[in-house]
Amino acid sequence: MTNAHGHDHDHDDPWIGDLLKDSPTNWGKWGPDDEVGSLNYLTPDVVLSAAKAITSGKTFTLQVKMANPDGDPVWPGRSGAVRINVMDEGHFLAGKGVETAGGAHYADDYMTCFLQGSTQYDALGHVWYGDQIWNGYDAKTTIGGLAKASVCPIAEKGVVGRGILLDIARWRGKDVLDSGETFTHEDLLACAEAQGATIEPRDILLIRTGWIGSFYRVPSEEFYADFVEPGLTYSPELVEWFRSMEIPNLVTDTIANEVTVDPVSGCVLPLHNALMRNLGVTLTEIAWLEDLAADCADDGQYTFLYTAAPLKVVNGTGAPVNPVVIK
Ligand code: UVW
């Protein structure tokens, strides 16, 4: 059967295009050439106001360790970063080092990685359905590298705003949510209230499920068995809430920021499309939130200044990042 977009698909199979046929978009809102979407909400006024969330000067970094001998948490089918040492004292001892005037020795590394293979920003053009990506750009602009809506404009802008941690795992009394466990925007609001905090318009949402923390505690076979991450689950009301709250950025400690399979429609990762493709909400995945969350539980302060700048990878589908939070 051929759907309205001219794609073949069996009408018994779920299709994100059907699920989201009435879903709102922000296409064109920031002009025909926009590539950073809802990050446009992070205006200088918003940044100045966010700085008022700093009260103690405590800092936290949110990247997981990369090229870690203990493993890098990645989406099934991807692999962790591989760092190869290509120059060290051994080369000099063997007479193969590059000698320089003054006798300095040095060590060099080479690294290969999936751009989504660590804590990372997704480019707005990273995921789509049908013939169009963010802002209505033709899906063919992704061929051979993202000519539009790559990670580079996000990296050039940088991300600074007020962050709020929503510690869903702690709120539900768990170290880590169950595989496939879902929550909604109503849960985010209830969690914030229980924490004594309020989600404000244009806040950067940091959601903790405990999932990435568990990666380092359980054997890899167990972590990846029947892989269904916990997370936010699609509903039209949730999408409308993100739109009306003008949320610029969603940061989670899961690999894909939402429950892997929407239990209602059966679609995989519909929020990537409803939020990122359609509304231009930037997604930050695989964040390390354990230390920040422990501190928030300790001092009761769940809001802070959030800053991040992914690497400026030209035409990249995403890029590693080490966000810094200042409380
Ligand atoms: C996929 O691309 C499957 O997900 P992510 O956004 O986590 O990289």
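1. Helices, as the term is used here, are DSSP runs of at least four residues, numbered from the N terminus. The model under review is predicted. Helix H11 covers residues 290-299, and just after H11 comes Gly 300, which takes a positive phi of about 75 degrees. Within H11, the buried residues are Glu 290, Leu 292, Ala 293, Asp 295 and Cys 296.

2. The sheet is open and has 9 strands, in the order S1-S13-S11-S5-S7-S9-S10-S4-S12. Its pairing is mixed. Strand S1 (59-61) and strand S12 (318-320) are the edge strands; each has a single partner strand, so one side of each lacks a neighbour in the sheet. On average, neighbouring strands are turned by 25 degrees against each other, direction ignored.

3. How many residues of strand S7 are buried? In S7 (residues 204-208), 5 of the 5 residues are buried, so the strand is largely enclosed by the rest of the structure. Ile 204, Leu 206 and Arg 208 point one way from S7, while Leu 205 and Ile 207 point the other way. The buried set thus includes a charged residue, Arg 208.

4. S7 has parallel partners in S5 and S9. Strand S5 (residues 159-167) pairs with S7 over 5 bridges in the parallel sense, and Leu 165 has Leu 206 as its bridge partner in S7. S7 and S9 also run parallel, joined by 3 bridges; here Leu 205 stands opposite Leu 250 in S9.

5. Glu 258 deserves a separate point. This residue lies in the loop between strand S9 (249-252) and helix H10 (270-277). Glu 258 is buried but has no salt bridge. The nearest side chain of opposite charge is that of Arg 78, 12 Å away; a salt bridge requires the charged atoms to be within 4 Å.

6. What does the side chain of Glu 258 reach at 2.7 Å? One such atom is the backbone nitrogen of Leu 271. The Glu 258 side chain also makes a polar contact with the side chain of His 272, at 2.7 Å. Leaving aside residues up to four places away in sequence, Glu 258 touches Glu 229, Pro 230, Gly 231, Leu 232, Leu 269, Pro 270, Leu 271 and His 272.

Key:
Residues are numbered from 1 along each chain as its sequence is written. This is a predicted model: local features need pLDDT of at least 70, side-chain atom pairs count only at pLDDT 80 or more; totals for chains, interfaces and linings use all residues. Side-chain values use heavy atoms; hydrogens and water are left out. Helices (H or I, at least four residues) and strands (E, at least two) are DSSP runs, numbered from the N terminus. Buried means under 20% relative accessible area, exposed over 50%, partly exposed in between (1.4 Å probe, protein chains only). A polar contact is a pair of N or O atoms within 3.5 Å; within protein, one must be able to donate a hydrogen and the other to accept it, and residues adjacent in sequence count only if both atoms are side-chain atoms. Contact means heavy atoms within 4.5 Å. Two strands pair if DSSP finds at least two bridges between them. Axes are lines fitted to C-alpha atoms, for helices over the stretch in contact, and angles run from 0 to 180 degrees between N-to-C directions.
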